[in-house]
Amino acid sequence: MFPPDVLDDARRLIAALRAKRRMLATAESCTGGLVASAITAIAGSSDVFFGGFVTYADDAKSSMIGVDSGLIQRYGAVSEAVAHAMADGVVQTTGVDLAVSITGIAGPGGGSPHKPVGLVYIGIASVFDAPLVERHMFGEVGRDEVRLASLRAALRMLLEVAA
């Protein structure tokens, strides 16, 4: 189902989290649960994976993981501020050690001059480290490719934090 490199990264992430006895949860918008799915494709992931939220709609971000609706109105759902709030909301909601969030515009529509198709923000929140948000511009490479690139970037970020 997933490319070999994605599964390899998921295995490495699970091993790193297991070694540090950390628990992970996800909040995904444009990826629709791909990060959670890649992690749970690996046997034994329940040792380190709490669960995931697919917060596709703005209201879901607010009602499920506590993102302030005013923040979404002010900056837009696809923003550094919302990616940070999503990851932090997951940590607060679930009590996990580590969370990743993804919000972006996978396309083919929905972009604007200021927020083009392919723009994705990935946030990390942890009870052990400072929060981190990365901005990615994957371009108009197609919906599936934006989602796959987002998945790869999220796993890479998580591996760096877990190492």
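I noted a network of salt bridges linking Glu134, Arg156 and Glu160. I took a salt bridge to be a side-chain nitrogen of Lys or Arg within 4 Å of a carboxyl oxygen of Asp or Glu. The model is predicted, so I kept to its thresholds: local features need pLDDT of at least 70, side-chain atom pairs count only at pLDDT 80 or more, and totals for chains, interfaces and linings use all residues. Residues are numbered from 1 along each chain as its sequence is written, and side-chain values use heavy atoms, with hydrogens and water left out.

I looked up the members of the network. Glu134 and Arg156 meet through their side chains at 2.6 Å, N to O. Glu134 lies in strand β5 (residues 132-137) and Arg156 in helix α6, so this pair ties together parts that are 22 residues apart in sequence. I used DSSP runs for these elements, numbered from the N terminus: helices are H or I with at least four residues, strands E with at least two.

Arg156 also pairs with Glu160, with the closest N and O atoms 3.0 Å apart. The two are 4 residues apart in helix α6, which means a separation of about one helical turn. I recorded Arg156 as partly exposed, at a relative accessible area of 30% (buried is under 20%, exposed over 50%, partly exposed in between; 1.4 Å probe, protein chains only).

I then turned to Asp5 and Arg152, whose closest N and O atoms are 2.6 Å apart in a salt bridge. Asp5 is in helix α1 (residues 4-20) and Arg152 in helix α6 (residues 143-162), so the pair ties together parts 147 residues apart in sequence.
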